[in-house]
Amino acid sequence: MTRTALTVHQIARPAGFPAPGDFRFAESAVPDPAPGTALVENLYWSVDPYHREMMDGDFALHTPLEGRTLGRIVASRTAALPEGEIVFHRHGWRTHSVVRPEETRRLPHHEGVPLSAYLSLLGGTGLTAYVGLTRIARLREGEDLFVSAAAGGVGTATARFARLLGAGRLIGSAGSAAKAAHLTRHVGYDEAFDYHRGPVSRLLADAAPDGVDVFVDNVGGEHLGAGIGALRPRGRVVRVGTVGQYNTPDAPPVVFDHADVVEKSLRIEGFLVRDYQELQEELYEFAVPPLISGALALDETVVDGFERIVEAFLLMLRGGNTGKILVRATG
Ligand SMILES: NC(=O)c1ccc[n+]([C@@H]2O[C@H](COP(=O)([O-])OP(=O)(O)OC[C@H]3O[C@@H](n4cnc5c(N)ncnc54)[C@H](OP(=O)(O)O)[C@@H]3O)[C@@H](O)[C@H]2O)c1
């Protein structure tokens with residue numbers, strides 16, 4: 001095991017898009033675990049849009065950042081965390097973490113499931129998609145969906161799970177023609193469009209002339225207004241996130257027909273996945289068998305090397321990923 005640890009600190013509050021200079025890599029000796037804790041050598045890191053939201057004030061400056069991570073216990077001073085075990089924890093953005101048992105979750109051993117899946121389709125990203133479809137939209141067989149940020153982690157997981165749940169037509173929006181083509185060729189979307197090509201309401205009307213039953217919204221802004229407009233009677237908006245506004249806080253307000261919400265009996269509901277952790281086992285039961293059989297595929301962009309974690313985060317904010325973006329330890 002290497003004796004030098006690296007942690008990432010935020011050192012400035014960005015105005016708009018963050019830049020590499022807003023972060024600093026700090027070097028230190030690998031920490032020794034105190035009694036009751038264990039040392040984890042991290043293997044995979046998740047970089048997420050919510051990190052951008054936290055950069056505006058929630059993350060303290062000049063302290064290690066946090067994030068969802070998988071790692072192997074390499075030294076332990078608690079019987080609850082045996083050496084060699086792989087655990088999930090939130091002390092990410094660092095090569096080594098000292099954790100207490102209650103801060104970790106041991107991973108199940110599903111033969112044939114790659115480790116990365118526990119941070120993507122079987123992790124918070126997949127759980128978000130699963131909760132959105134089964135608990136918020138309460139999707140019924142044959143219903144048609146529109147998904148914004150469709151080529152990202154939550155967007156691809158939503159489409160793959162919706163198919164397993166018997167959805168009808170799937171329509172997605174993404175940030176380039178290449179991504180839109182990827183969605184219809186490889187992810188199971190029936191129609192996809194590049195939202196830069198024109199007003200989202202027009203692009204959506206072309207892709208779904210008869211409307212949709214459910215809108216899974218990862219973006220907000222213009223997408224939200226367009227999605228509400230396209231809903232059929234008793235349609236549902238699943239508000240997952242607002243990634244279109246994290247770097248542009250002065251974005252114009254969402255415009256939609258408020259009367260539509262009444263006249264079409266629409267439901268608009270947001271949620272936070274952290275309030276649905278009890279569904280983790282249900283997600284495994286739902287997704288692990290088709291993952292093992294090959295009926296369900298992983299959509300991931302993997303960036304190799306902890307030293308590229310900031311680069312990976314910035315890449316994701318600019319739409320450089322398809323599927324869930326992860327950073328993998330090398331060497
Ligand atoms: N409610 C919850 O508990 C919860 C949990 C997890 C995630 N989320 C939310 O879910 C959404 C997706 O998260 P994720 O982790 O799956 O990230 P992701 O979709 O894999 O990555 C973010 C994507 O956002 C798109 N994007 C960036 N700027 C945009 C803009 N101005 N307009 C439209 N799209 C833009 C980019 O794709 P394009 O190339 O297509 O622009 C980028 O790939 C985010 O809003 C996140 O905050 C919520």
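# Meet this predicted model

P35 sits in the loop that links β2 (23-29) to β3 (38-46), where strands are DSSP runs of E with at least two residues and helices are runs of H or I with at least four residues, numbered from the N terminus. This is a predicted model, in which local features need pLDDT of at least 70 and side-chain atom pairs count only at pLDDT 80 or more, while totals for chains, interfaces and linings use all residues. Residue numbers start from 1 along each chain as its sequence is written. The protein has nine helices and 15 strands, and its domain assignment gives two domains, domain 1 (4-120 + 298-328) and domain 2 (124-274).

**Overall build**

- The radius of gyration, taken over C-alpha atoms, is 20 Å, close to the 20 Å that the globule rule gives for 331 residues, so the protein is as compact as a globular protein of that length (the rule is 2.2 Å times the number of residues to the power 0.38).
- Along the principal axes, the C-alpha atoms fill a box of roughly 60 × 45 × 35 Å.
- Of the 331 residues, 44% count as buried (buried means 20 or more other C-beta atoms within 10 Å of the residue's own, exposed means 12 or fewer, and partly exposed lies in between, with C-beta atoms placed from the backbone).
- Among contacts with a separation of 6 or more, 66% join residues 24 or more positions apart (two residues are in contact if their C-beta atoms, placed from the backbone, lie within 7 Å).

- P35 counts as exposed because it has 6 C-beta neighbours inside 10 Å.
- In sequence, P35 and R100 are 65 residues apart, yet their C-alpha atoms are 9.5 Å apart in space.
- P20 lies in the loop between β1 (4-10) and β2, and P20 is exposed, with 10 other C-beta atoms within 10 Å.
- The C-alpha atoms of P20 and V310 are 6.7 Å apart in space, although 290 residues separate the pair in sequence.

**How the two domains meet**

- The domain bounds come from an automatic or database domain assignment, and the centres of domain 1 and domain 2, taken over C-alpha atoms, are 29 Å apart.
- At their meeting point, 15 residues of domain 1 are in contact with 16 residues of domain 2.
- On the side of domain 1 that touches domain 2, α1 (49-54) and β15 (324-328) are the elements that give two or more residues, and α1 gives the most, with three residues.
- By class, that side of domain 1 has four nonpolar, six polar and five charged residues (Ala, Val, Leu, Ile, Met, Phe, Trp, Tyr, Cys and Pro count as nonpolar, Asp, Glu, Lys and Arg as charged, and the others, Gly among them, as polar).

**Around the ligand**

- There are 30 residues around the ligand, and G152, G153, G175, G241 and G319 come nearest (a residue is near a molecule if its C-beta atom, placed from the backbone, lies within 6 Å of it).
- Both domain 1 and domain 2 contribute to this shell, with at least three residues from each.
- α1, α2 (124-136), α3 (153-164) and β15 each supply at least two residues of the shell.
- The shell divides into 14 nonpolar, 13 polar and three charged residues.

- An α-helix has 3.6 residues a turn, so residues three or four places apart point the same way.
- Seven of the ten residues of α6 are buried, so α6 is largely enclosed by the rest of the structure.
- Those buried residues of α6 are G221, H223, L224, A226, G227, I228 and A230, and their cover includes β8, β9, α5, β11 (212-217), β12 and α7 (258-263).

**Two residues with positive phi**

- Most residues other than glycine have a negative phi.
- W93 has a positive phi near 55 degrees, and W93 lies in the loop between β5 (86-89) and β6 (96-99).
- W93 counts as buried because it has 28 C-beta neighbours inside 10 Å.
- R234, in strand β12 (residues 231-239), has a positive phi near 65 degrees.
- R234 is exposed, with 10 other C-beta atoms within 10 Å.
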